[in-house]
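Take a look at the protein shown here. The report below starts with two residues and then turns to the whole chain.

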Amino acid sequence: EAVMKKPAKTAEYPQFQLAGSLRKVAQLIRADIGIRIFFTELGGGGIGGFDNHANQLGNHCSLLHHFSESIGTFIYDLKQDNLLNRVLLMTFSEFGRTVKENGRRGTGHGAAAPIFLAGGRLKGGLVGSHPSLKDLDNGALKFHTDFRCVYATVLDRWLGFDSSKVLDKKYKQLNILNV
């Protein structure tokens, strides 16, 4: 508990819930107490989360602002103390969004969702091609990379865990890590 009360050394975190959670994660990483996986959440499933179907522009912009500022500060904070090579941040969502507006200034659920990775041992860039706005699946972007390939790569190559025990079979490894 004393570790959690110590302020972060190098970064001024914004006053967002996600930023506060990531600040605590940075403190735990500095404390080096043996925890290898941390989970935090932006939006959740309640009002104000990413699962909004009406008046989406303002809500979505605000959430993306919280997301980018929080993660940017977290990465900056860890980099200042040369800890970024020990960290792989991964975002995920259980659904994507449709492209077309639904009539209520929002969008519906789609199959393809981005996964963002950040850390000191990542190869930069986009995996796969940019999604097409013309070739849609029932109004939504088509996915091109099975999320289980990302999970398998992180489990096998980053955490050193046999991904087939979690994913029920071996999936193609992605060339995204410098480890």
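## Two asparagines in loops

Asn55 sits in the loop between α2 (17-31) and α3 (56-80). Helices here are DSSP runs of H or I with at least four residues, strands are E runs with at least two, and both are numbered from the N terminus. The phi of Asn55 is positive, near 45°, and Asn55 is not a glycine. Asn55 counts as partly exposed because its relative accessibility is 45%. The cut-offs are under 20% relative accessible area for buried, over 50% for exposed, and in between for partly exposed (1.4 Å probe, protein chains only).

Asn138 lies in the loop between β4 (117-119) and α4 (147-158). Asn138 also has a positive phi, about 55°, without being a glycine. Its relative accessibility is 76%, so Asn138 counts as exposed.

## How the model is read

This is a predicted model: local features need pLDDT of at least 70, side-chain atom pairs count only at pLDDT 80 or more, and totals for chains, interfaces and linings use all residues. Residues are numbered from 1 along each chain as its sequence is written, and side-chain values use heavy atoms, leaving out hydrogens and water.

## The whole protein

The protein has five helices and four strands. From the N terminus on, their order is α-α-α-β-β-β-β-α-α. The C-alpha trace spans about 50 × 40 × 25 Å along its principal axes.

Of the 179 residues, 34% count as buried. Contact means heavy atoms within 4.5 Å. Among contacts with a separation of 6 or more, 58% join residues 24 or more positions apart.
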